[in-house]
Amino acid sequence: CLFVVASAMKISIAVPSFNYGRYLRDCLSSIRSQSYPDFEVLIADGGSSDESMAIIREYCDLDQRFRLVSSEDAGQADAVDKAFCEAQGDILCFLNADDVFLCDDVFETMVKTFTSYANVSIVSAEGYYLDAKGKYIKPVNLRYHPMDNMGWMKYRTAVLQPATFWRREVYKQIPFNKEFHYVFDAHFFYEAYLNFSWLSIPKAVAGYRLHEENKSVTVRPKRIFELAKLEQHKFGRFSLRAGYLFFIYVLVWLMSKIPLVGRPFTRVIYLLVNSLSFVCAYRLPGI
């Protein structure tokens, strides 16, 4: 992948899309309404069979800054990577098709921040949870433990992905791991934390939509398995944290095979694991 050098501070937004047509228009409209004009939207659709492609073509015809770069991929990480391979911007971000920007000065804020802090490579802001209809639920508070801070990123990579922007050189050094389908962004942010300077700003810029198909909030055995693999990457192949999550993965997988009672028991496991993780200050991982 070759990145084209931009002559000005341009923002490249990757939008991975797959059968989220019911949310996609809100997503793309929130980008198009930005007051800062120097941006591009690189849409990678994974072969949607709903109204997504019609909406994508509509925006591409309406605004030349919107472009469809791929119509098939091997998952979300591959979709975003295909978009970033076409990126011409100095600043990168990806916005899932079911998420939105909450205000029209998001890009302006990010450009001003990166300009003011020349040594900062990643800027992370705040946001709100939205319901399926786009109504506000509550602020996103990923650091609800009273002692939690950026120094705990190794134990819990708590980052609001749609509210986080980074310089192009970050992605050139740390491309997404396409072996991960659920935790590729957590892996990326963890590596970025280790290798680059990071700044958090107290401004709500992104809406993270909660609905029944969210990959990051559902208790799926495959996601827990990937979390265990991520723990191996961070702490070693035979670490307690990795072995613990592999055990939880097997337990949840077995529960998923039991009709009727399996799902409620899986929810109990989810609550117990995350409660224990909180009590021990994330020295045991959550799911």
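This is a predicted model: local features need pLDDT of at least 70, side-chain atom pairs count only at pLDDT 80 or more; totals for chains, interfaces and linings use all residues.
Me: How many aromatic pairs does the structure hold?

Reply: Rings of Phe, Tyr and Trp (its six-membered ring) pair if their centres lie within 6.5 Å; planes under 30 degrees apart count as stacked, over 60 as edge-to-face and the rest as tilted. The structure holds 26 such pairs. In one of them, the ring centres of Phe39 and Phe107 are 5.3 Å apart and the planes stand at 70 degrees, so the pair is edge-to-face. Phe39 lies in strand E2 (residues 39-45) and Phe107 in helix H4 (residues 106-116), so the pair ties together parts 68 residues apart in sequence. Helices (H or I, at least four residues) and strands (E, at least two) are DSSP runs, numbered from the N terminus.

Me: Are Phe39 and Phe107 buried or exposed?

Reply: Buried means under 20% relative accessible area, exposed over 50%, and partly exposed in between (1.4 Å probe, protein chains only). Both Phe39 and Phe107 are buried. Tyr128 and Tyr136 also form an edge-to-face pair, because their ring centres are 5.2 Å apart and their planes at 65 degrees. Here Tyr128 is partly exposed at 28%, and Tyr136 is exposed at 52%.

Me: Which residues meet in salt bridges?

Reply: Side chains of opposite charge can pair when their charged atoms come close. The rule asks for a side-chain nitrogen of Lys or Arg within 4 Å of a carboxyl oxygen of Asp or Glu. By this rule the count is 16. Among them, Arg25 meets Glu58 at 2.8 Å, N to O. That pair links helix H1 (residues 21-32) to helix H2 (residues 52-62), 33 residues apart. Another joins Arg209 and Asp26, with the closest N and O atoms 3.7 Å apart. Arg209 in strand E9 and Asp26 in helix H1 are 183 residues apart. Arg209 is buried at 2%, whereas Asp26 is partly exposed at 41%.

Me: Which charged end sits over the ring of Trp152?

Reply: A charge sits over a ring if NZ of Lys or CZ of Arg is within 6 Å of the ring centre and within 35 degrees of the ring normal. Over Trp152 it is the charged end of Arg283, 4.9 Å from the ring centre.

Notes:
Residues are numbered from 1 along each chain as its sequence is written. Side-chain values use heavy atoms; hydrogens and water are left out.
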